[in-house]
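Hello,

Here is the structure we talked about handing over. Please look through it first; notes on what was found follow below.

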Amino acid sequence: MHRTAVVGTALATATAAALVAGCRPGEATVNGRGQDRPQARTSTNAPARDTPRPHRTFTHKATPKPKRAVVPPPRATTPAPRRTAPRVVPPVIAFNTSGDRVRELQARLRAVGVFHRNPTGYFGTITQASVSAYQRGHGLAATGSVDRRTWTSLRSATKTPTRDELYPPTTLPLAKPDARCLTGRVLCISKSSRTLAWMVNGRVVSAMDVRFGSEYTPTREGLFQVNFKSRDHVSTIYHTPMPYAMFFSGGQAVHYSADFAARGYSGASHGCVNVRDKKKIATLFGKVKAGDKVVVYK
């Protein structure tokens, strides 16, 4: 056969085989195989090639839990010493009490010169101030409380009080009598000590506390005598009772006063000499006679 015919037959055969193998028209072949060339895109809106995309795996992220604060362990410390309340020692003689023990305290304080009145048997603010004064003068804590140390010191510094020192007739010590009181039978009345002493020939027979008239109705001072006595007298001016009245100057008299007994020195008379101890004035009323002297002095 002619060579040209053979070549054409072979070429036709190869072309048919390529079409069966799936090569598209226009693709170049090398040694009878299709050459991969990218296909030109004819439109920008053409769908992309079916190239499988890599699979993306989504994992759920849990909300992190808040971190717990790390608390360091407590340090080993030495426990503080336990505080205990100081032991309260009760006083030997308590404030705001009364009795014979208080009388003894007051008599001993008076003996050392820090209590300036007679024992009353009541532990009040005046006695407390006297206790403080004694403590300051003897190197003790000035508390005003009679503890065992204070009581022991005071007893060592004084002698045992006598009955007259424990139970004096007046709250305040008697003043030095006026010279006019030293003879005869005299009601000797001192305004400074606020006391009345019934004296016979210079000797004190009995004594008692008294109070006087106010600034506007003062008790007159001087030498007088008892004019008359009236056991159940009632004032015709003030219409108040004046038991055991012993008149010495006009309407002024020595007499018992229930007001004085109740209120003490917070009140005053209308010029009379008031006595607060009813038993004492009753006894005195029985002894005094009309004409006996009355001396009122400062």
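**Salt bridges and a buried threonine**

There are 9 salt bridges in the structure, a salt bridge being a side-chain nitrogen of Lys or Arg within 4 Å of a carboxyl oxygen of Asp or Glu. This is a predicted model, in which local features need pLDDT of at least 70 and side-chain atom pairs count only at pLDDT 80 or more, while totals for chains, interfaces and linings use all residues. Residues are numbered from 1 along each chain as its sequence is written, and side-chain values use heavy atoms, with hydrogens and water left out.

One of the salt bridges joins the side chains of R211 and D259, at 2.7 Å from N to O. R211 is in strand β5 and D259 in helix α6 (residues 258-263), so this pair ties together parts 48 residues apart in sequence. Helices (H or I, at least four residues) and strands (E, at least two) are DSSP runs, numbered from the N terminus. R211 is buried at 3% relative accessibility, whereas D259 is partly exposed at 30%; buried means under 20% relative accessible area, exposed over 50%, and partly exposed in between (1.4 Å probe, protein chains only).

D259 also forms a salt bridge with R263 (3.4 Å, N to O). Shared partners join R211, D259 and R263 into one network.

T219 sits in the loop between β5 (203-211) and β6 (222-225). With 4% relative accessibility, T219 counts as buried.

Regards
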